[in-house]
Amino acid sequence: MDADLKLQLDALYKAAPASVMSIVGGLVALSIYWEQGIPAGLIAWFVVVAGVAVVHLISAGLRHYGLPRGFTTRHWARLVCGIYGTSGVAWGVGAALMILEGNAAQALVVCCLITGAVTVTFPAAVYQRAYNLFQFPALLLTCAGLFASGVPYSNALAIAGVLLCGTLAAMARGLGTQLTLALKLSRENSRLVADLQERKAALEAANRDLEIQTETDPMTGLGNRRRLMRVLRASSGALGVLLIDVDHFKSYNDTFGHAEGDTCLRRIADALSRSTIAGVTLVARYGGEEFAIVVDARDHHHVRAVAEAMRKTVEALHDEGGSALRRAVTISVGVALREASEDKTITQLITEADERLYEAKRAGRNRVHDGREPRAKRAAVA
């Protein structure tokens, strides 16, 4: 119940700025008695009406900022009922006195003011109790003043006012129920939207994690062949592909064991991925002791320079302190290049790089082969 009451009060306080109309209406009421002299009682009435309106506005500001800290929903409900009840009595008493003191024209203006006040506050029907605390005393006291005034058609106006009071009460009951239901549905929809957004974010994060897992080599932490192919398919224009094979890795594995072999591969993978060489798009584990590097090719010399830098990085590993390598290791590198004017497929690039990798191994290992060696030298190493 407190949750529903809070929704009603939140909606009610959103209409708090309408309290300014009480001050405007009071000034209008004073103006119609200006020429014949304003009674002291009317001044006192205006002070009360304006004071209640100001209190309502101040309480709306305090509620917006969560003040006072100890106020519960029930406290706010009692406060707002007090504000609406006091305002309703003030308007009803003031209207009755003005009708009794004024002429028929002034009485008509007062009736219009009361009708306007009840109309302006009708959105308060979301919290029926507060609305009735305003409209019952405002209308019924005005009707009592009409009955006692003797102005033309006063009895008819009074009866119409009583009927209006009952009608508004019935309307407020039905409308208040519907508005409260709408507010509850809005609250549930907001919760549902927030829940869906949270679940969407969680699903997207899970999908990202899954994508990373499916495209990551678990031992080295590099991208795997699947990621390599995705990057290659997404690349266009000039492109360089390096295929790398660890020289005599089987001997390393057989000599020091598979655990040391895995450590060796991880150390090489770390060295390759940490290389801050311009143009390197991806470092991936191609399979076994083979690695692949994708280079944003500027020209042939740049791609070869990248390959040579990678070769030297691995060659220097054993000389670094704490490298965890049991002996020096080297790599052979095969280079394939697609220039901007060419239309080589991914398969052709990988095939070329693979062929040149094995040419580098046949030529003695620990070297880069890009297919541009002099013919005599290529024939000699073959």
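The tour below goes through the salt bridges of this chain, stop by stop.

This is a predicted model, in which local features need pLDDT of at least 70 and side-chain atom pairs count only at pLDDT 80 or more, while totals for chains, interfaces and linings use all residues. Residues are numbered from 1 along each chain as its sequence is written, and side-chain values use heavy atoms, with hydrogens and water left out.

With a salt bridge taken as a side-chain nitrogen of Lys or Arg within 4 Å of a carboxyl oxygen of Asp or Glu, the count comes to 23.

Select R74 and D2, whose side chains form a salt bridge with an N to O distance of 2.9 Å. This pair links distant parts of the chain, 72 residues apart, with R74 in helix α4 (residues 73-101) and D2 in helix α1 (residues 2-14); helices here are DSSP runs of H or I of at least four residues, numbered from the N terminus. R74 is partly exposed at 42% relative accessibility, and D2 is partly exposed at 39%, where partly exposed lies between buried (under 20% relative accessible area) and exposed (over 50%), using a 1.4 Å probe and protein chains only.

Next, select R304 and E308, which meet in a salt bridge at 3.6 Å, N to O. Both residues belong to helix α11 (residues 300-315), four residues apart, or about one turn of the helix, and R304 is partly exposed at 25% relative accessibility.

Then move to E352 and K344, where the closest N and O atoms of the salt bridge are 3.0 Å apart; E352 and K344 are both buried.

Finally, select D4, K184, R187, E188 and R191 together, since a network of salt bridges links these residues.

Key:
Helices (H or I, at least four residues) and strands (E, at least two) are DSSP runs, numbered from the N terminus.
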